[in-house]
Structure formats: structure tokens, C-alpha cells
Amino acid sequence: MKYDFKLAEKSLDTQFDRVNEIRDFNQRKVLNAFFDNKVAPEHFYTVSGYGHDDLGREVLDKTFAQVFRAEKALVRIHFASGTHTLACALFGNLRAGDKLISVAGAPYDTMQEVIGTAGDEETKRASLIGNGVLYDEVPLLNGSDIDFEALEKMVDKSTTMVLIQRSKGYSTRKSLTIETIEKICKTVKSKNPDCICFVDNCYGEFVDTREPLEVGADLMAGSLIKNPGGGIVEAGGYIAGKELYVERSANRLTAPGVGSEGGAMFNQHRLIFQGLFMAPSIVSEAVKGAILAAKVFEDIGFDTYPKHDEKRTDIIQNIIFGNPDHLEQFCRTIQGLSPVNGYVTPIPENIPGYEDKVIMAGGTFIEGSTIELSADGPMRAPYVAYLQGGLNYAHVKICLEDMVAKL
């Protein structure tokens, strides 16, 4: 029997209406930030050399800060990846003897090397633990949920920072909703008001009407080749939150005494401004695509998370295949329908920062961009595909139509 996509889409009207409401709210919020900070053509041009007295960079930081309700934001193309952005925030705010706790079990693979719980000898030497930072983590309850009772017992006056990873990473746990992040922050602050609540906000920007800083977080970070870059920003990341913590992070990115005052931006301002302006709409397209994917794969007999009618907190859709062949076929179908490198066949391979081989489909205009349609997954049981992104809903639908035909 041929799968009826029109019927599936019709059943999703309620979910799509909610996504549109969130999009419209966030678009107005972004637009107001552009108005209030008087963004103008002169802010699209950058200085060279040391990057001192860059008016455009200053306005860019202020615009991001307003959008995310932060005291200060640091928006830079110099961040090599989301992991680099997070590492700057961690190393900038933690010193030997300080204690870091991950509240949602082990963080994703690349962050384990930053912390020092994975990696070779030299990697561990350069890690937080290698530099004297103490580390612990709160195991997940039933392998999925935040254990608030254990969190309350673990946080005390010696806890300097908690790491709150919003998205699930390569796991099958639930991504954290804004409401859950709020509850985590309240729990932590009740035990230690001085503890820094730091949110890894990757994949979560503009999926809801509130961001982590609005519900009690002190600091958050993300990548510009994910949600807030709107699919056109070529590199970089952002850190936002309390001014002290952001400036400490800037000192790690550049150097003490330079902080946020240096770093030439190489005429990337316009793209970053424009990407931020486009982001709420682009994110809504990706979320709609994820909802349709969940609906389709549930209908044809696969397990998914989140379910098509569940609340969304990030752009990632899990599809649990249970065998490696299906995972590989899924990724190859995505790659084969990508606008870039559609002729390439992805194969599982070893990737720095990951313990298992990973298969990745990413025929994207910007290398590694995960706001563009992409899929990947580690070659380990239960063989989960992590589908994310989609610059337009129509592209996601086309891929799903071909996948269903093959399955």
C-alpha cells in the first residue's frame, strides 16, 4: 500500500499551527532587537588586524544579547565548533579545585574529551580534569529522565558549575524542555545560589518562545552553523549570559586582557545579522520536517523520539532502527537527495571525538551545518538515526517520500 503523505500532513495541522505561533513570536522578538539596536549598513563592515573598535561587532553582540535576554553576548566566527564554544565557557569559568557536575548523565562524546572522561593520554592531559577541575555527573533516572532527588543531594557549596545539556546528543534520553531546565536551575540554586547554571543550547534556539537565560540559567552557548545562523552563517558560535561569565569565556577564546575587545571578523557581520534574522523561520521549517518524519516512521512501524505529537525542545528527531543496515540505508538516502555531494555514498568511519564509528549524511552548503538537512548516528545498538535540520520543509518531505518507497 502506498503511504498517504497528504493524509499524514492533514493530521498534523494542530502541531504545525503551534510551530507557526512560536515562529511568529520569535521573529518579532528578533526584529525588535534589530530595531532597538539600530542595525544599519555600517554595521556590516569590519576592521582588520587586531579587530579593535569594531562597531559592527559591538552591535552584533548587543543584538544577540537582547534576543537571548542576556547581560552580554559574545558572537564570534573564531569558535571552530559548538564543542569549542562550550569549551571556552567551561575553561573560562573553571579553575583547579573547582567542581563541575553534569546534571543529565554523561554529556555527548566530544564533550567527554573536553571534560577528561574519554580520549587518549594527551587529550586527557589538556582536559578540564587534566587541569585540576573536579567532575561528577548525575546518572539518569531509568536511563532517560533527570533524577532531581539525586541532583539535590549532589549539589552543595563546593559545586562551582552545573552543565545542562539541552539536546540529547548520541543518546536515547529525552531532550530537556525549557520547563525542565527551569526546574533544574531552581533545584541547583536552592542548594547553592552561587553555582553557575550553564546550558549547552545547541539545537534548541527558537524552538520554544523562551530561552534558558529566561528561566534561571546564568550562561549558555551554541553554534552559528546550527539554529541561530539561519543556514547561511559560515562558521562560529555564541556565548550569552551574565557579563562576568561571558567575559571570562572571552578571555579563554582570545587572551586575558584582550577578552571580547579583539578579533577581526573578516567581513562576516552581514551574514551573521542576516542569519539571525532568518533563524526563527528556518528553525520552524526544520521542526515541521522533524514532526512529519516522526509521524511517517511511526506509521510504518518504527520507534521514534520525540513522538509526532510531543512537545519539541530541539530540532533533532530520533528514529530507532534496531539494526545497522537500516541506519546505513537511511543515511545514504538522505545523502543521495542532498543538494551538495548527492552522488557520494556515506560509510561508517572513525571521527575524532567519538568512540564508535559514525555514519554521517551531510550534503550541506556549509560543512558540518546541522540546521541544513542531515542525519548521522553511531554504529552501536540500538542503531539510532539522528535526523536534524532542513532549510525548507519541502526538502525534508521529498527525502521522506523516497525513504518510505525504499523501505
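Biologist: In what order do the strands of the open sheet of seven strands lie, and what kind of pairing does the sheet have?

Modeller: First, the ground rules. This is a predicted model: local features need pLDDT of at least 70, side-chain atom pairs count only at pLDDT 80 or more, and totals for chains, interfaces and linings use all residues. Residues are numbered from 1 along each chain as its sequence is written, and side-chain values use heavy atoms, with hydrogens and water left out.

Now the sheet. Its order is β1-β7-β6-β5-β4-β2-β3, and the pairing is mixed. The edges are β1 (72–76) and β3 (134–137); each has a single partner strand, so one side of each lacks a neighbour in the sheet. On average, neighbouring strands are turned by 15° against each other, direction ignored. Strands (E, at least two residues) and helices (H or I, at least four) are DSSP runs, numbered from the N terminus. Two strands pair if DSSP finds at least two bridges between them. Axes are lines fitted to C-alpha atoms, for helices over the stretch in contact, and angles run from 0 to 180 degrees between N-to-C directions.

Take β5 (residues 196–200). Strand β6 (residues 219–223) runs parallel to β5, with three bridges between them. Asp200 has Ala221 of β6 as its bridge partner. Helix α9 (residues 243–253) packs on the sheet and touches β1, β5, β6 and β7 (237–241). Its direction makes about 25° with that of β1. Touching, or contact, means heavy atoms within 4.5 Å.

β5 also pairs with β4 (residues 161–165), again in the parallel sense, over five bridges. Here Val162 has Cys197 of β5 as its bridge partner. Five of the five residues of β5 are buried, so the strand is largely enclosed by the rest of the structure. Buried means under 20% relative accessible area, exposed over 50%, and partly exposed in between (1.4 Å probe, protein chains only). Ile196, Phe198 and Asp200 point one way, while Cys197 and Val199 point the other way. In a regular strand, side chains alternate between the two faces of the sheet.

Next, the charges. The whole structure has 20 salt bridges, where a side-chain nitrogen of Lys or Arg is within 4 Å of a carboxyl oxygen of Asp or Glu. One joins Arg210 and Glu182, with the closest N and O atoms 3.9 Å apart. Arg210 sits in the loop between β5 and β6 and Glu182 in helix α8 (residues 178–191), so the pair ties together parts 28 residues apart in sequence. Both ends are partly exposed: Arg210 at 29%, Glu182 at 21%. Glu179, Glu182, Lys186 and Arg210 are linked in a salt-bridge network.

Lys288 is another case. It lies in helix α10 (residues 269–299). Lys288 is buried but has no salt bridge; Glu285, the nearest side chain of opposite charge, is 4.2 Å away. For charge, Lys and Arg count as positive and Asp and Glu as negative; His and the chain ends are not counted. Leaving out residues up to four places away in sequence, Lys288 touches Phe16, Val19, Asn20, Arg23 and Tyr393. Of these, Arg23 is partly exposed at 23% relative accessibility. Arg23 forms a salt bridge with Asp24, the closest N and O atoms being 2.9 Å apart.
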